[in-house]
Amino acid sequence: MGTAASSRSYLELPPLAERDVRTLLSYNLDEKHIRQLWKLFCKVDRNNNTVWTIQELYNVIDEPRSSMRAPIIERLFFLSDSKGQGVMEFEDWIISMTSFCALLKEEVLHLLFIIIDKNRNGLIEKQELM
């Protein structure tokens with residue numbers, strides 16, 4: 001965060017859609033919490049472009065892209081990419097993170113099933129796990 005531009009983006013919250021603000025408030029997140037999460041987001045954003053790439057996500061979770069979990073991680077990442085640009089903006093990340101954390105165990109399992117079942121046949125086949 002060495003440049004003036006990166007410091008400025010680090011201090012200024014990006015604009016959030018009204019719908020997303022309501023979602024965050026429903027999880028009891030106030031502006032202070034959102035600012036703390038923005039600070040964390042900026043620390044991970046190594047190139048200070050205000051978005052996360054898939055590689056930055058792998059760096060955060062300290063997971064090699066060749067791991068068995070990589071296909072699930074990548075599907076979750078691209079599921080969170082609301083604009084389909086191959087990057088995750090702060091708004092995408094905070095809404096995805098809070099929504100995922102609010103899921104019940106059964107809902108998490110159902111979501112993972114949907115992510116893994118690529119051909120949508122209602123079964124998880126061996127090749128879908130690889």
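1. Leu-16 counts as partly exposed, at 23% relative accessibility. The cut-offs are these: buried is under 20% relative accessible area, exposed is over 50%, and partly exposed lies in between, with a 1.4 Å probe and protein chains only. Leu-16 sits in the loop between helix H1 (4–11) and H2.

2. Basis of the note. This is a predicted model, in which local features need pLDDT of at least 70 and side-chain atom pairs count only at pLDDT 80 or more, while totals for chains, interfaces and linings use all residues. Residues are numbered from 1 along each chain as its sequence is written, and side-chain values use heavy atoms, with hydrogens and water left out.

3. Which residues does Leu-16 touch, not counting residues up to four places away in sequence? They are Val-21, Leu-24, Ile-34, Phe-90 and Glu-91. Contact here means heavy atoms within 4.5 Å. Phe-90 is 74 residues from Leu-16 in sequence, yet their C-alpha atoms are 8.9 Å apart in space.

4. Overall layout. The chain has seven helices and two strands. Helices (H or I, at least four residues) and strands (E, at least two) are DSSP runs, numbered from the N terminus. The order along the sequence is α-α-α-β-α-α-β-α-α. Along the principal axes, the C-alpha atoms fill a box of roughly 50 × 35 × 25 Å. Of the 130 residues, 32% count as buried. Take the contacts between residues at least 6 apart in sequence: 50% of them join residues at least 24 apart.

5. Glu-31 is found in helix H3. Glu-31 counts as partly exposed, at 47% relative accessibility.

6. H2 against H6. Helix H2 covers residues 18–26 and helix H6 covers residues 90–101. Their axes come within 10 Å and cross at roughly 35 degrees. Axes are lines fitted to C-alpha atoms, for helices over the stretch in contact, and angles run from 0 to 180 degrees between N-to-C directions. The crossing of H2 past H6 is left-handed. The rule is that a crossing is left-handed if the near helix is turned anticlockwise from the far one by less than a right angle, and right-handed if clockwise.

7. Residues at that crossing. H2 brings Asp-20, Thr-23 and Leu-24, and H6 brings Glu-91, Ile-94, Ile-95 and Thr-98. By class, that gives three nonpolar, two polar and two charged residues. Ala, Val, Leu, Ile, Met, Phe, Trp, Tyr, Cys and Pro count as nonpolar, Asp, Glu, Lys and Arg as charged, and the others, Gly among them, as polar.

8. H4 against H5. The axes of helix H4 (residues 54–61) and helix H5 (residues 70–80) come within 11 Å and cross at roughly 125 degrees. So H4 is oblique to H5. Angles under 35 degrees count as roughly parallel, over 145 as roughly antiparallel, 65 to 115 as roughly perpendicular, and the rest as oblique. H4 passes H5 in a right-handed crossing.

9. Residues at the second crossing. From H4 come Ile-54, Leu-57, Tyr-58 and Ile-61; from H5 come Ala-70, Ile-73, Glu-74 and Phe-77. The class count for H4 with H5 is seven nonpolar, no polar and one charged residues.

10. Positive phi values. Asn-48 is not a glycine, yet its phi is positive, about 55 degrees. Asn-48 lies in the loop between helix H3 (31–44) and strand S1 (51–52). At 28% relative accessibility, Asn-48 is partly exposed. Asp-62 also has a positive phi, near 55 degrees, in a residue other than glycine. Asp-62 lies in the loop between H4 and H5. With a relative accessible area of 68%, Asp-62 is exposed.

11. Cysteines. How many disulfides does the chain have? The count is zero, where a disulfide is a pair of cysteine sulfur atoms within 2.5 Å. Cys-42 is in none, and the nearest cysteine sulfur, that of Cys-101, is 19 Å away. Cys-42 is buried, at 4% relative accessibility. Cys-101 is exposed, with a relative accessible area of 61%.
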